[in-house]
Amino acid sequence: MTTAEPGEPSAERLLVRDLAQLVTHRGSAAPLRGSELREVELVENAFVLAEGGMIVATGRMADLGALPGDVLELDGRGLSAIPGLVDCHAHACFAGDRVGEFALRASGASYEELHAAGGGILSTVAATRAAGPRGLCDQVLKHRGWMQRAGTTTFEAKSGYGLDRETELASLRAIAAAEGIPTWLGAHAVPPEFDDADAYLDFALAEVLPEAAGLAEAADVFVERGAFDVAQARRYLEACRDAGLALRIHGDQFTELGAVPLAIELGARSIDHLEATGAEGVAALAASGVVSVLLPASALFLGRRMPPARSLVDAGAAVALATDFNPGSAFCESLPLVCSLACTQLRMSPEEALGACTVNAAHVVDRAERVGRLAPGYQADLVLLDAPDWRHLAYHLGGDLVATVVRKGAPLRRH
Ligand code: NIG
Ligand code: FE
């Protein structure tokens, strides 16, 4: 038997041995709610055994039998293992940056003012259109590398910075080529060549949806003043649903406009943001099957109030956490940092934060049977943290605590 350095090519079989801790949530056919989100299975002195990219066994070292034949070994002494993290909301397909806008905001300009002045999302649209299909593939791969280094092994990514036929379709293809899960955010903003949102939607639904439906798994819309209203969102989402796409909504980010009842009525998979959601919305979400995806890095980055996470979890809503990685409102690819924000700003426990960006996030992208847990039959995606207690995941604020990332049984190279 040999001991591998992180980054070596995968072997048929992989044994991660002598882990200080291994932690995972229970699986279920539905997202975890209420106290379920706090219940973890914790194993000390643990191992994980994978074969052909899948987990075949986990448990205590004392129960590990002899393993004849070739096995690639990773030394887990002093480390803790968590499931590979699942980022269920990321805008990873964009070109250019908005660092100038960031600096203006730092000296007082608001996000909405910059958006209204033609900056914001539309400035990224110009850069993304100019990048071309090859350039977009490079961008998604670069962003995927950043996410993986922070422990993300499964990511959703949205189009929405093309807003023309060619660039939207190229975005969805670039995301799929990088093994991301593509969402068509065809209703992100109204591009400059259209006078109003309805005229743009006429175009998007007639000219882009037929092909986007074959490339994406879900559709998403930004319901907000200056973007799309509830009637426009309904029209867009109904057409997308009829074309076979699952539905998601950016709702209640700045204003409560009725996105929550719309998400529930249409049976959306998730509603994301919810910083402005009040008590009625919380109760409605708790009684529904729609997952509430919270994005605290975005609220922090924009200096906004945080979403009502505690009320949502306590009321029994299915809560997930994600980065919202994008160049304007959350230039943050790190789910460990999001977990820290969940514990320090959202009053969630480390267990709740972990469950929200593993099992529940996996439900949002319809992969809960395959990823998000360390258990036999799941993909061998795991993160080894350089800490003997897995709760350092949230405790180490902005720390570089990811020692090794394993995806499909292969240790990934750090670059
Ligand atoms: O989720 N809210 C709309 N879309 C993104 C921000 C996009 C941008 O500013 O470029 C979000 O926060
Ligand atoms: Fe977003």
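Which element supplies the largest share of the lining of the second largest cavity? The largest share, 4 residues, comes from strand 8. The analysis rests on a predicted model, in which local features need pLDDT of at least 70 and side-chain atom pairs count only at pLDDT 80 or more, whereas totals for chains, interfaces and linings use all residues. Residues are numbered from 1 along each chain as its sequence is written, chains are lettered from A and ligands numbered from 1 in the order in which they are written, and side-chain values use heavy atoms, with hydrogens and water left out.

Grid points are joined across faces, edges and corners, and a volume is the space filled by probe spheres set on the points. The structure holds 3 cavities of 30 Å³ or more. The largest cavity contains about 100 Å³ of space and has 14 lining residues, with H91, Y111, H188, N326 and S329 nearest its centre. Its lining comprises 4 nonpolar, 8 polar and 2 charged residues (Ala, Val, Leu, Ile, Met, Phe, Trp, Tyr, Cys and Pro count as nonpolar, Asp, Glu, Lys and Arg as charged, and the others, Gly among them, as polar).

The volume of the second largest cavity is about 60 Å³.

Helix packing was described with axes as lines fitted to C-alpha atoms, for helices over the stretch in contact, and with angles running from 0 to 180 degrees between N-to-C directions. Helix 3 and helix 4 (residues 165-177) pack at about 5°, with their axes 8 Å apart. These two helices are therefore roughly parallel to each other (angles under 35 degrees). Their contact (heavy atoms within 4.5 Å) joins T128, R129, P133, L136, C137 and V140 of helix 3 to T167, A170, S171, A174 and I175 of helix 4. It has 7 nonpolar, 3 polar and 1 charged residues.

For helix 5 (residues 197-215) and helix 6, the packing angle is about 5° and the axes are 11 Å apart. Helix 5 contributes A197, D198, L201, D202, L205 and L209 to the contact, and helix 6 contributes Q232, R235, Y236, A239 and C240. The class counts are 7 nonpolar, 1 polar and 3 charged residues.

The axes of helix 6 (residues 230-242) and helix 7 (residues 259-266) come within 11 Å and cross at roughly 20°. Helix 6 and helix 7 are therefore also roughly parallel to each other. In this pair, V230, A233, R234, L237, E238 and R241 of helix 6 meet A259, L262, E265 and L266 of helix 7. The contact has 6 nonpolar, no polar and 4 charged residues.

How values were computed:
On a 1 Å grid over the protein atoms alone, a cavity is a set of points where a 1.4 Å probe fits but cannot get out, and a pocket is an open set with protein on both sides within 12 Å along at least five of seven lines; lining residues have an atom within 4 Å of a point. Angles under 35 degrees count as roughly parallel, over 145 as roughly antiparallel, 65 to 115 as roughly perpendicular and the rest as oblique.
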